[in-house]
Amino acid sequence: MNPHEMEARLNAHREVLITLLTALVHDERYADIFDELHRDTQFMDGEEDPGIVPSKAFASETHAADEIRRLLEAARTRSKAR
C-alpha cells in the first residue's frame, strides 16, 4: 500500500468514526463512552516535566490523544450543525 492509499483509508476510517460519534453525541445512554474518550485526551505519564525532547512513546500517546480530541470535536460540531 502506498502512502496515498494509506492516507485515503485513514481518512475513510476517520469519517466513519465521526459519523458514528455524531449519531451518539446527544444520546444519554452513550454519555459514558464520551466521558471515557475525553479522559483519553488527557494523556499523563506521571511526570511533571517530560523534558524538551519527548520520548517516542510519549509523542505517540500525545498524537493519539490529539486525534481523539479532534474526533470528538468534529462529532460535536457536526451534531450542532444538524
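1. Helices (H or I, at least four residues) and strands (E, at least two) are taken as DSSP runs, numbered from the N terminus. On this basis the protein has 3 helices and 0 strands, and its elements follow the order α-α-α from the N terminus.

2. The model is predicted: local features need pLDDT of at least 70 and side-chain atom pairs pLDDT 80 or more, whereas totals for chains, interfaces and linings use all residues. Residues are numbered from 1 along each chain as its sequence is written, and side-chain values use heavy atoms, without hydrogens and water.

3. Of the 82 residues in the protein, 15% are buried; buried denotes under 20% relative accessible area, exposed over 50%, and partly exposed the range in between (1.4 Å probe, protein chains only).

4. The accessible surface of the protein is about 6,600 Å², and carbon and sulfur atoms account for 56% of that surface. Areas come from the Shrake-Rupley method with a 1.4 Å probe; for residues, only the protein chains shown count as cover.

5. A contact requires heavy atoms within 4.5 Å. Among contacts between residues at least 6 apart in sequence, 72% join residues at least 24 apart.

6. A nonpolar surface patch consists of Met1, Met6 and Leu10, which together have about 340 Å² of accessible area. Patch residues have over 30% relative accessible area and no salt bridge, with nonpolar side chains (Val, Leu, Ile, Met, Phe, Trp, Tyr) joined within 5 Å and like charges within 9 Å. A salt bridge places a side-chain nitrogen of Lys or Arg within 4 Å of a carboxyl oxygen of Asp or Glu. Leu10 belongs to helix H1 (residues 3-24) and counts as exposed because its relative accessibility is 53%.
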